[in-house]
Amino acid sequence: MLQKIRNIKKATLKVYSDLEFGLNEIAYEKALSEELRDLGFHTQTEAHINEYYITSTGRKIEVACLRIDILIDNNIILELKTIESSIQKIDKKTNTLKKEELMNTKEYLQCRRYKKLMKIPTCYLINFGKKNLEFIKIE
């Protein structure tokens, strides 16, 4: 699994290096998906997940159709963003990641939801929208 993650990071860095920042999510999604395929991964883009709600009488109704940006080998989720502000909040005094602030972001909660619905333990949040690429494992 560790080598698989290294290869995913390598592909992500290549895409970022070649395309740089400033494009929309779809451009990075297409390039990264193809780069991962070239490395031997099976990728699915815009993988659909349905979210359901159970009413008080027990009826199950679909309330949302969500889309995972890239699903790799049916066991790794990549959620891509192009956000200009940093997803990772760094404490300037200690120069450490403020995990509690990350955990309250919409992007973090989105990844957690995907992991829960898909029953997949591994999700990475990748932000192509800054000068420094962000590659964050969501626990």
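The protein chain exposes about 8600 Å², of which carbon and sulfur atoms supply 49%. The structure is a predicted model, and of the 139 residues of the chain, 36% count as buried. Among contacts between residues at least 6 apart in sequence, 58% join residues at least 24 apart.

**Fold and sheet**

The protein chain holds four helices and seven strands, which follow one another along the sequence in the pattern α-α-β-β-β-β-β-α-α-β-β. Five of the strands form an open sheet with mixed pairing, in the order S1-S2-S3-S6-S7. Because S1 and strand S7 (134-138) stand at the edges with a single partner strand each, one side of each is left without a neighbour in the sheet. Neighbouring strands of this sheet are turned against each other by 40 degrees on average, direction ignored. In general, the strands of a sheet pair through backbone hydrogen bonds, in either a parallel or an antiparallel manner.

The pairing of S1 with strand S2 (residues 60-72) is antiparallel and comprises eleven bridges; within it, Ile54 stands opposite Lys60 in S2. Helix H1 (residues 2-19) packs on the sheet, where it touches S2, strand S3 (76-81), strand S6 (122-127) and S7, and the direction of H1 makes about 20 degrees with that of S3. Helix H4 (residues 106-118), by comparison, lies across S1, S2, S3, S6 and S7 and runs at about 155 degrees to S3.

**Salt bridges**

Side chains of opposite charge can pair when their charged atoms come close.

| Salt bridge | N to O distance |
|---|---|
| Lys4 and Asp73 | 3.2 Å |
| Lys14 and Asp18 | 2.5 Å |
| Arg113 and Glu51 | 3.2 Å |

In the salt bridge between Lys4 and Asp73, Lys4 lies in helix H1 and Asp73 in the loop between S2 and S3, so the pair ties together parts that are 69 residues apart in sequence. Asp73 is partly exposed, its relative accessible area being 27%.

The salt bridge between Lys14 and Asp18 lies within helix H1, where the two residues, being four apart, are separated by about one helical turn. Lys14 counts as partly exposed, because its relative accessibility is 38%.

**A nonpolar surface patch**

Strand S1 (residues 43-54) also includes Tyr53, which at 46% relative accessibility counts as partly exposed. Together with Ile61 and Val63, Tyr53 forms a nonpolar patch on the surface, and the three residues have about 270 Å² of accessible area together.

Note on methods:
Residues are numbered from 1 along each chain as its sequence is written. This is a predicted model: local features need pLDDT of at least 70, side-chain atom pairs count only at pLDDT 80 or more; totals for chains, interfaces and linings use all residues. Side-chain values use heavy atoms; hydrogens and water are left out. Patches are made of residues with over 30% relative accessible area and no salt bridge: like charges are joined within 9 Å, nonpolar side chains (Val, Leu, Ile, Met, Phe, Trp, Tyr) within 5 Å. Accessible areas come from the Shrake-Rupley method with a 1.4 Å probe; for residues, only the protein chains shown count as cover. A salt bridge is a side-chain nitrogen of Lys or Arg within 4 Å of a carboxyl oxygen of Asp or Glu. Buried means under 20% relative accessible area, exposed over 50%, partly exposed in between (1.4 Å probe, protein chains only). Two strands pair if DSSP finds at least two bridges between them. Axes are lines fitted to C-alpha atoms, for helices over the stretch in contact, and angles run from 0 to 180 degrees between N-to-C directions. Contact means heavy atoms within 4.5 Å.
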